Amino acid sequence: MSKTIGLIAGSLRKASFSKKIADALLLMAPEGYTFTTISLEDLPVYNQDFDDDNKVPESYIIFRNTIKDINGFIFITPEHNRSIPAVLKNAIDIGSRPYGKSVWEGKPAAIFSNSPGSISGFGANHHLRQCFVFLNMPTMQQPEVYIPEVNKLFDEEGNIKNKDTKALLEKAVGAYIKWFERNAG
Ligand code: FNR
């Protein structure tokens, strides 16, 4: 049966480079796999009061059910103040609760960070890894994926212009799939 890999871009911005990378990755799904983008729109800021059955927002239920049905994830994260954007942390927190019912449990992940700058979201990449240790999400170690100068990466149609970066992403997706096959429960 086909496996589904969720592509989660940590940005709400309409013209987000992270979303453009996710869209480019959609075309790189190998045979036997479906890649799907997961929107972080419409998720209210997590509040533990929402864990009461009668207070849980409808969008949380939809998000958690979506995550439950997906076999693994590639996170494409920008960096905000040397960490992950709040919208991504919010989505991770929502999926992790109520206590004992995390929908992230055991799901193999990869992290591709990016930035218009040269440090390529290194801080965000490693802060996200820290969350995944606690959430028991095995995370691909190598290759590490850091994409610098992401603002120069795309043409007007959203295609990746830089052949080396495209090749790097293809290689990283291939490595993730091989690694996923060894680590999926
Ligand atoms: C940023 N940006 C940024 N970039 C970076 O490399 N390191 C950083 O720590 C930060 N910090 C930061 C904080 C805040 C609040 C904003 C809004 C932006 C710039 C960031 O990389 C840039 O806006 C990206 O284009 C955001 O990603 P998307 O929306 O293009 O995916």
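**Strand E4 and the sheet around it**

In strand E4, Ala-109, Ile-111 and Ser-113 point one way while Ala-110, Phe-112 and Asn-114 point the other, and all of them are buried (buried means 20 or more other C-beta atoms within 10 Å of the residue's own, exposed means 12 or fewer, partly exposed is in between, and C-beta atoms are placed from the backbone). With 6 of its 6 residues buried, E4 is largely enclosed by the rest of the structure. Strands (E, at least two residues) and helices (H or I, at least four) are DSSP runs numbered from the N terminus. All of this comes from a predicted model, where local features need pLDDT of at least 70, side-chain atom pairs count only at pLDDT 80 or more, and totals for chains, interfaces and linings use all residues. Residue numbers start from 1 along each chain as its sequence is written.

Zooming out, 5 strands make an open sheet in the order E2-E1-E3-E4-E5, with parallel pairing (two strands pair if DSSP finds at least two bridges between them). Strand E2 (33-37) and strand E5 (145-147) sit at the edges with a single partner strand each, so one side of each has no neighbour in the sheet. On average, neighbouring strands are turned by 20° against each other, direction ignored. Helix H4 (residues 122-134) packs on this sheet, touching E3, E4 and E5, and its direction makes about 160° with that of E4. Axes here are lines fitted to C-alpha atoms, for helices over the stretch in contact, and angles run from 0 to 180 degrees between N-to-C directions.

Strand E1 (residues 3-9) pairs with strand E3 (residues 72-77) over 5 bridges in the parallel sense, and E3 pairs with E4 over 5 bridges, also parallel. Ile-76 of E3 is the bridge partner of Ala-9, and its partner in E4 is Phe-112.

Phe-112 turns up again in the largest nonpolar core, which has 39 residues; Leu-7, Leu-25, Ile-74, Phe-75, Ile-76 and Phe-112 have the most contacts inside it. Such a core is a set of buried Ala, Val, Leu, Ile, Met, Phe, Trp, Tyr and Cys residues joined through C-beta atoms within 7 Å. Leaving out residues up to four places away in sequence, Ile-74 touches Ile-5, Leu-7, Leu-25, Ala-110, Phe-112 and Tyr-176 (contact means C-beta atoms, placed from the backbone, within 7 Å).

Note on methods:
Contact = placed C-beta atoms within 7 Å.
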